[in-house]
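Biologist: Can you walk me through this one? I'd like to start with a pocket.

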Amino acid sequence: MQPRPRVQDGGRHGSRKLEDKVALITGGDSGIGRATAVAFAQEGADVAIVYLNEHEDAKETERLVANEQRRCVTVAGDVGDEQFCKDAVEKTIREFGRLDILINNAAEQHPQKKIEDISAAQLERTFRTNIYSFFYMTKAALQHLHEGSSIINTTSVTAYRGSPDLLDYSATKGAIVAFTRSLAKALAERGIRVNAVAPGPIWTPLIPSTFPPEKVERFGKETTLGRPGEPAEVAPSYVFLASSDGSYFTGQVLHPNGGEVVNA
């Protein structure tokens with residue numbers, strides 16, 4: 001990608017808000033997931049990142065985390081498979097002995113001009129990756145989470161304003177909002193907070209890999225700030241929600257979207 005997404009703020013110095021915590025981040029090999037892994041490491045956390053098959057990208061995330069003197073474990077596999085999600089959580093526990101934060105972030109999108117062009121296979125695949133995996137990972141992680149733990153789900157601005165070319169993707173993102181609000185109520189008595197982040201147009205590898213060049217050229221220019229956001233500008237939302245700074249937040253959605261006002 002040119003320019004390369006900015007996944008860390010070079011002038012940022014962590015204040016140990018996540019000292020010795022352990023986080024599991026799906027889709028942690030690039031984009032927002034990578035930026036969140038690095039930000040968590042800057043705050044003193046060790047991380048396990050889950051990714052599909054982008055092994056070199058995962059190694060780069062691992063290197064960036066190591067630069068912050070924290071450990072990173074990489075786990076390759078399909079989050080749409082429930083058994084893999086169980087295995088990923090168990091590997092995290094074997095490596096670190098605990099789990100404090102779950103970031104459900106993995107997603108895929110396949111633009112189509114018409115609903116008639118969305119095949120049953122695409123619909124199934126998009127839902128399996130984008131929302132089934134959130135159920136699978138959460139179910140597997142819950143036996144290890146504890147009072148004070150945090151679950152953070154990545155939704156999207158498309159959950160609020162829709163997207164004519166991403167009908168199935170935006171539908172999953174709307175489901176994530178409902179999942180977040182419902183799970184927050186279900187886990188409140190256990191002292192586990194559940195929140196979400198709804199990024200707007202963020203410059204990640206997902207964009208040039210799924211949109212035509214003319215749309216990539218215009219990407220993010222319709223925002224109030226007139227540009228796409230960088231992953232490093234989204235990661236602090238996850239740090240806030242995962243740390244004690246966000247202790248009175250549950251069932252909520254943060255909106256790093258360049259100034260678009262949505263019905264939150």
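Predicted model: local features only at pLDDT ≥ 70, side-chain atom pairs only at ≥ 80, totals over all residues.

Biologist: What volume does the second largest pocket have?

Modeller: About 200 Å³. Its lining has 12 residues, and those closest to the centre are Arg 4, Pro 5, Ser 30, Arg 34 and Pro 205.

Biologist: Which helices supply at least two residues each of that lining?

Modeller: Helix 1 (31–42) and helix 2 do.

Biologist: And where does the largest share of the lining come from?

Modeller: From helix 2, with three residues.

Biologist: Where does Gln 69 lie?

Modeller: In the loop between helix 2 (55–67) and strand 3 (72–76).

Biologist: Is Gln 69 buried or exposed?

Modeller: Gln 69 counts as exposed, because its relative accessibility is 66% and the cut-off for exposed is over 50%.

Biologist: What about the phi of Asp 20?

Modeller: Asp 20 is not a glycine either, and its phi is positive at about 65 degrees.

Biologist: Where is Asp 20 placed?

Modeller: In the segment before strand 1 (22–26).

Biologist: Why does Asp 20 count as partly exposed?

Modeller: Because its relative accessibility is 45%, and partly exposed covers the range between under 20% for buried and over 50% for exposed.

Notes:
Residues numbered from 1 in each chain as written. Heavy atoms only, no water. Helix = DSSP H or I, 4+ residues; strand = E, 2+ residues; numbered from the N terminus. Buried < 20%, exposed > 50% of the residue type's maximum accessible area, 1.4 Å probe, protein only. 1 Å grid on protein atoms, 1.4 Å probe; cavity = no way out; pocket = protein on both sides within 12 Å on 5 of 7 lines; lining within 4 Å. Points joined across faces, edges and corners; volume = space filled by probe spheres on them.
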